[in-house]
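Dear colleague,

Please find below the structure that I am handing over to you. My notes on what was found in it follow directly after.

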Amino acid sequence: MSTVPPNENKDPVKEVEAAPEKAFSKTSEFIPKSEPAARRDRTRTPSDMFEKVVFVNRCAKVVKGGRRFSFSALLVVGDKKGKVGVGFGKAREVAEAIRKGTENAKKNLYTYNIGPSTLPHEVNGVFGGGRVLLRPASLGTGLIAGGGVRSVLEAAGVKDVLAKSMGSSNPANVVKATVDALSRLRTRTQILECRGKKRAPRPVVQEVAV
């Protein structure tokens, strides 16, 4: 007579090993991570502002270990509605120099008296060795200028003008001479006020029915 041992067909009970406890630290996942606050990017130029790099200069300084380079950038910023600013930035990298120049230009924005498409009158600008001549042009002439003069006039919103640089070719002097020329512009109303006169109203022409 065969005897069957009890609990032969039952599965043995498996012991569940406890997971090791995680150490609590500052870098632990138990600490909720706060999302970084949104910061305002003050170096970003608004979409309605015109920005142009006029000149980037590289300077090398000889040191014991070799040569150390630095960069300087000259920028022009404007809204193409008569407001222009010139900035200068220096840094070890080109991008950082441009960023500093943009910040400086936005701090020096000034409004100048320009017409809808051209200048109200002929004007000369001088700064250091730079001399710039600006003349108004008829509609459709275009922006006849080059170098730093063109950058400043384009940022100011001038569409038709005849310009000539007659002095130094240094970009900084040419740009600042152009800004000096824009600062000397006067409207007809301003000139009449200086002379103690008033602008006469235009006569109204009435159409005669035939």
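Glutamate 51 faces valine 77 of strand S2, and valine 62 is placed opposite arginine 67, likewise a residue of S2. These pairs come from a predicted model, in which strand S1, residues 50–63, runs antiparallel to S2 over 13 bridges. The two strands make a hairpin, with two residues between them.

Helix H2 spans residues 147–156 and is mostly covered, with seven of its 10 residues buried. The buried positions are Gly148, Val149, Ser151, Val152, Leu153, Ala155 and Ala156. An α-helix has 3.6 residues a turn, so residues three or four places apart point the same way. After H2 comes glycine 157, which has a positive phi, near 95 degrees.

A positive phi is also found at lysine 80, where the value is near 60 degrees although the residue is not glycine. Lysine 80 sits in the loop that joins strand S2 (66–78) to strand S3 (83–91). Is this lysine 80 buried, partly exposed or exposed? Its relative accessible area is 45%, so lysine 80 counts as partly exposed.

Asparagine 173 is located in helix H3, which covers residues 171–183. Because its relative accessible area is 17%, under the 20% cut-off, asparagine 173 is classed as buried. Leaving aside residues up to four places away in sequence, asparagine 173 is in contact with Phe127, Gly129, Gly130 and Ser168.

As to the cysteines, the structure holds zero disulfides. Cysteine 59 is partly exposed, at a relative accessible area of 43%, while cysteine 194 counts as exposed, at 72% relative accessibility.

For the protein as a whole, the secondary structure amounts to four helices and eight strands. Along the sequence, these follow the pattern β-β-β-α-β-β-β-β-α-β-α-α. Of the 210 residues, 28% are buried. Among the contacts with a separation of 6 or more, 55% are between residues 24 or more positions apart. The accessible surface comes to about 16100 Å², and carbon and sulfur atoms contribute 52% of this area.

Finally, a word on confidence. The average pLDDT of the protein is 82, and 77% of the residues score at least 70. Over residues 24–28, pLDDT stays under 50, and the model has five contacts for this stretch beyond four places in sequence.

With kind regards

Notes: Residues numbered from 1 in each chain as written. Predicted model: local features only at pLDDT ≥ 70, side-chain atom pairs only at ≥ 80, totals over all residues. Heavy atoms only, no water. pLDDT = per-residue confidence, 0-100. Contact = heavy atoms within 4.5 Å. Buried < 20%, exposed > 50% of the residue type's maximum accessible area, 1.4 Å probe, protein only. Pairing = 2+ DSSP bridges. Disulfide = S-S within 2.5 Å. Areas by Shrake-Rupley, 256 points an atom, 1.4 Å probe, with all protein chains shown as cover.
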